[in-house]
Amino acid sequence: MSASSPTAQRQAVILLSGGLDSMVVAGLAREAGYAINALTIDYNQRHRRELTAAAEIARHIGAVRHVILPLDLTRFGGSALTDDIAVPKDGVGTDIPVTYVPARNLVFLSLTLAWAEAIGVRDLFIGVNALDYSGYPDCRPEFIAAFQDLARLATKAGAEGDDWRIHAPLQFMGKAEIAAEAARLELDAGMSWSCYDPQPDGMACGLCDSCRLRREGFAKAGLVDPTRYAQ
C-alpha cells in the first residue's frame with residue numbers, strides 16, 4: 001500500500017540525527033499517529049556515535065523505514081564537526097560557534113524533502129530549537145517558514161498543489177521541556193547522543209556546548225541524565 005493511499009496510515013519523514021531533540025520529535029510524530037520514515041545523514045561527522053544512536057532510536061520507535069544516507073561533508077570542511085578544528089569547551093557563547101556546519105539544516109531538509117516526495121509523503125519533522133541552542137541560523141523559525149515556502153516552489157508535488165507541512169514541534173521549547181517530553185513519551189534518553197567530541201573511552205566530553213545544554217536541561221527538569229560524562 002503506497003504512502004499516498006487514502007486508507008494508509010498517515011506517514012511522515014523524520015530527520016533523525018540520533019540526538020535528544022530528534023528522538024523526542026520522532027516520539028511526538030508517533031504519538032500523533034504517523035508512521036515513521038527516518039532519515040539519518042552520515043556526513044562523516046566527528047561525533048559518529050550519533051549514527052548508532054539514530055539506528056537504535058529508529059528501531060525503538062518502530063520506524064517503517066530507516067535510511068542512513070552518506071554525504072561526506074569533510075570534503076567541504078569549515079566546521080569543528082567536519083574539519084580538523086578543536087571543539088570549543090569554554091561554555092556557550094553569543095556568537096555562532098565553529099561547530100556550525102555550513103548550511104547543514106538547509107542541505108539536510110532538502111534531502112528529507114526529496115525522499116518524502118519520492119515516497120509520497122508530505123509531512124516532514126525536524127528537531128530544531130530556537131531557545132536552548134548555540135546560535136545556529138538554520139534553527140530559527142524564519143528558516144523553517146521559508147523552507148516550507150521553498151518546498152512548494154521547488155517540487156513537482158508543490159507545483160501540482162500538494163500541501164507540504166514542515167513540523168518543528170520543539171521550536172519554542174527549552175532543553176528542560178524537551179527532556180521532560182522524553183520522559184512523558186517514555187523514551188529512554190540513554191539511547192540518544194548529544195556530545196560533539198566523544199572521548200576515546202566512549203564517554204561524552206561534558207564540556208562542549210551540546211553537553212552543557214543537555215546537562216543543564218535535565219537538571220532543570222529534575223531528571224537524571226543517563227549520559228556518562230568524562231568531566
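Q: How do the residues of the lining of the second largest cavity divide into nonpolar, polar and charged?
A: This is a predicted model. In the lining of the second largest cavity, 5 residues are nonpolar, 3 are polar and 1 is charged.

Q: Which residues line that second largest cavity?
A: The lining is formed by Ser192, Trp193, Ser194, Cys195, Ala204, Cys211, Arg214, Thr227 and Tyr229.

Q: And what volume does the second largest cavity have?
A: Its volume is about 30 Å³.

Q: How many cavities of 30 Å³ or more does the structure hold?
A: There are 2 cavities of 30 Å³ or more. The largest cavity has a volume of about 670 Å³.

Q: Which residues lie nearest the centre of the largest cavity?
A: Ser17, Asp21, Arg104, Gly127 and Tyr196 lie nearest its centre, out of 34 residues that line the largest cavity.

Q: Which helices and strands each supply at least two residues of that lining?
A: Helices H1, H2, H3 (104–118) and H7 (209–221) each do so, as does strand E2 (35–42). By class, the lining of the largest cavity comprises 15 nonpolar, 12 polar and 7 charged residues.

Q: Let us change topic to helix packing. At what angle do H1 and H2 pack?
A: Helix H1 (residues 20–31) and helix H2 (residues 49–61) pack at an angle of about 15°, and their axes are 11 Å apart. H1 and H2 are therefore roughly parallel to each other, since angles under 35 degrees count as roughly parallel.

Q: Which residues make that contact?
A: H1 contributes Met23, Ala26, Gly27 and Arg30, while H2 contributes Ile57, His60 and Ile61. The contact of H1 with H2 has 4 nonpolar, 2 polar and 1 charged residues.

Q: Now H1 and H6: are they parallel or oblique to each other?
A: The axes of H1 and helix H6 (residues 175–184) come within 10 Å and cross at roughly 50°. H1 and H6 are therefore oblique to each other.

Q: Which residues of H1 and H6 make the contact?
A: On H1 they are Leu20, Asp21, Met23, Val24, Leu28 and Glu31, and on H6 they are Lys175, Ile178, Ala179, Glu181, Ala182 and Arg184. By class, this contact of H1 with H6 has 7 nonpolar, no polar and 5 charged residues.

Q: Is the crossing of H1 and H6 left-handed or right-handed?
A: H1 passes H6 in a left-handed crossing. By contrast, H1 passes H2 in a right-handed crossing.

How values were computed:
Residues numbered from 1 in each chain as written. Predicted model: local features only at pLDDT ≥ 70, side-chain atom pairs only at ≥ 80, totals over all residues. Heavy atoms only, no water. Axes fitted to C-alpha atoms, helices over the stretch in contact; angles between N-to-C directions. Helix = DSSP H or I, 4+ residues; strand = E, 2+ residues; numbered from the N terminus. Parallel < 35°, antiparallel > 145°, perpendicular 65-115°, else oblique. Left-handed = near helix turned anticlockwise from the far one by under 90°. Contact = heavy atoms within 4.5 Å. Nonpolar A, V, L, I, M, F, W, Y, C, P; charged D, E, K, R; others polar. 1 Å grid on protein atoms, 1.4 Å probe; cavity = no way out; pocket = protein on both sides within 12 Å on 5 of 7 lines; lining within 4 Å. Points joined across faces, edges and corners; volume = space filled by probe spheres on them.
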